[in-house]
Amino acid sequence: AFVVLDNCIKCKYTDCVAVCPVDAFFEGPNFLAIDPVICIDCGLCEPECPANAIVQQDKVPAEQHGFIQLNAELAALWPNIREVKPAPTDADTWNGVPDKLQYLAI
Ligand code: SF4
Ligand code: F3S
């Protein structure tokens, strides 16, 4: 499966959901998660993310390994998202800020 990583937090551009053929994205207050059971590994979402926050599970950097389990857990908790919506107004100022897990809202 593909995995949403740290840099999505507080950016949440949602461009990714427009291309997912199986609606594998689930929406929290400031982050999206991919359900690894639904994801068919098509890879279409990866280049769509302006924050470069999506990678294939095997390519997750060691320091973000926890996001693999986190995506699975949050996808089970949150509602499905199928439509692109406006990003937070300050999304661009958060794009690239490191270690945003502390800001994750559940
Ligand atoms: Fe959806 Fe494909 Fe991305 Fe998986 S890799 S979340 S199926 S767009
Ligand atoms: Fe997040 Fe990128 Fe999608 S910032 S909402 S993974 S387009």
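I began with the shell of ligand 2, which by class holds ten nonpolar, one polar and two charged residues. Here Ala, Val, Leu, Ile, Met, Phe, Trp, Tyr, Cys and Pro count as nonpolar, Asp, Glu, Lys and Arg as charged, and the others, Gly among them, as polar. The model is predicted: local features need pLDDT of at least 70, side-chain atom pairs count only at pLDDT 80 or more, and totals for chains, interfaces and linings use all residues. Residues are numbered from 1 along each chain as its sequence is written, with chains lettered from A and ligands numbered from 1 in the order in which they are written.

I listed the neighbours next. Ligand 2 is surrounded by 13 residues, the closest being Cys-8, Tyr-13, Cys-16, Cys-49 and Ala-51. A residue is near a molecule if its C-beta atom, placed from the backbone, lies within 6 Å of it.

I then turned to ligand 1. It also has 13 residues around it, with Phe-2, Cys-20, Cys-39, Cys-42 and Cys-45 the closest. Its shell has eleven nonpolar, one polar and one charged residues.

I checked Phe-25. Leaving out residues up to four places away in sequence, Phe-25 touches Cys-16, Val-17, Cys-20, Leu-32, Ile-34 and Ile-81. Contact requires C-beta atoms, placed from the backbone, within 7 Å.

I looked up the overall fold last. The protein chain has three helices and four strands, where helices (H or I, at least four residues) and strands (E, at least two) are DSSP runs, numbered from the N terminus. Their order along the sequence is β-α-β-β-β-α-α. The C-alpha atoms fill a box of roughly 30 × 30 × 25 Å, taken along the principal axes.

Notes: Contact = placed C-beta atoms within 7 Å.
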